[in-house]
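I opened this notebook to record what I looked up in the structure. The entries follow the order in which I consulted the model.

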Amino acid sequence: MMKKMYLIIIGAALIASILYINYYPRERVMDVSWTYAYKDINEMTEKADLVIVGKAISSISYRESADPFTSIWTDYTVRGDKVIKGKVDEPNIILHQTGGKIGSETQYIRDDPLIEEGTTMLLFLKQYEPNKYYILGGPQGRFVVEQGKVYSIGELYAPASATTIRLHTKGIALENFLSNFFK
Amino acid sequence: MSLKKIPSIIALFILSLTCFSTIAVNAYVLLQGWTFSTSTIIVLDNTGYSETPTAVNNWNSYVLDARFSLTGLPFSHHIGMVRVNNPGVGWDGATTPYFDIWGHLYKMKIEINHATCGTYASWVRRSVIAHELGHGFSLGDQYFVPVLMNGATWGFNSRCGTFGIFTPQADDRAGVNAAY
């Protein structure tokens, strides 16, 4: 009787350990070398294929293979509410970001936090495939619009403050921001 | 004020300047928990870039408290380097650490993005690789300053575009010695 109980306890502990090892919450923070550091918003505007105000309405995270050592990517569907520069062929664009969330695993770049669904953003984008874009300079080309006011990512998320210091924007009304930089 | 006090005031002023400049020199950033338990970090290179051994040698040419050792064996390495080809990102190199369930670092992966690095001159590619290896030593990014750990390759006050850096600078080396 006792022997049976010991076996049950050991078995349960073994199963719990395996489940824990496989499903414990993992957060992987990456560090990257950004291709380009923008001097100011004017330079970023010049280099962007598309500048829009849009809202992330949905997202899908994936990795290229089942290998757990491959990176996670996320494609966001962004509804373009206002096109400031460039031209879009469809009402929604696909925005590609490094990192994402799959099950209990989260991966993101230290100074480029994952985009949250429902966030309205002012985005400076580069096209790499038809209707597919990435943000210029990671956190540099992404501004959050909250209650009609524009904030650079570094203003809302401390680890990005050094990266976005040249693009510092804090609570400027969207209309004023646009009239300053897009005359 | 007595004239006798002037030399003391000047001396104090110079001393304070010296102190501040010392702080400014040691500007390296260390990433918490990114230090391996060994000071010989074994690197497996699968990028296919001829610049990787040179970048490793650039670090190893200095007498530091930690060093890299290149291996050809696909096991028992600390850092695995791979080539990726992703045109949909704004980075040319990335480093990801892997921790065990107790929070100990056991592996790092360095990805070199061929979509961007493939278009670079050899010395720039070497700069990206050496920069990512710097993360392997637990050094964090800095911006707009003339160090290898400058987090931008091109653009305003950038590692290659402005400063032309592809080898570890004094501040980078001080960071490694502080970490190990």
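Before the first entry I noted the rule for packing: two residues are in contact if their C-beta atoms, placed from the backbone, lie within 7 Å. I also noted that this is a predicted model.

**Entry 1: helix H2 of chain B**

I looked up which residues of helix H2 (residues 51-60) of chain B are buried. They are Glu51(B), Thr52(B), Ala55(B), Val56(B), Asn58(B) and Trp59(B). I then asked why these residues lie on the same side of H2(B). They do so because they cover an arc of only 155° around the axis. Next I looked up what the buried residues of H2(B) pack against.

**Entry 2**

Strand S1 (residues 26-37) of chain A is joined to S6(B) by 3 bridges, and the two strands run parallel. Within S6(B), Trp154(B) stands opposite Tyr36(A).

**Entry 3: His96(A)**

I located His96(A) in strand S4 (residues 92-98) of chain A. Is His96(A) buried or exposed? It is buried, because 20 other C-beta atoms lie within 10 Å. Leaving aside neighbours within four places in sequence, His96(A) is in contact with Trp73(A), Asp75(A), Lys132(A), Tyr133(A), Tyr134(A) and Gly88(B). I also noted that the C-alpha atoms of His96(A) and Ser59(A) are separated by 9.6 Å, the two residues being 37 residues apart along the chain.

**Entry 4: two residues with positive phi**

I looked up Gln147(A), which is not a glycine and yet has a positive phi, near 50°. Gln147(A) lies in the loop between strand S9 (142-146) and strand S10 (149-152) of chain A. It counts as exposed because it has 8 C-beta neighbours inside 10 Å.

I then turned to Asn157(B), also not a glycine, whose phi is positive at about 45°. Its place is the loop between strand S6 (152-155) and helix H5 (170-179) of chain B. Asn157(B) has 16 other C-beta atoms within 10 Å, so I recorded it as partly exposed.

Terms used
Residues are numbered from 1 along each chain as its sequence is written. Chains are lettered from A and ligands numbered from 1 in the order in which they are written. This is a predicted model: local features need pLDDT of at least 70, side-chain atom pairs count only at pLDDT 80 or more; totals for chains, interfaces and linings use all residues. Helices (H or I, at least four residues) and strands (E, at least two) are DSSP runs, numbered from the N terminus. A residue is buried if 20 or more other C-beta atoms lie within 10 Å of its own, exposed if 12 or fewer, and partly exposed in between; C-beta atoms are placed from the backbone. The arc is that of the directions from the helix axis to the C-beta atoms. Two strands pair if DSSP finds at least two bridges between them.
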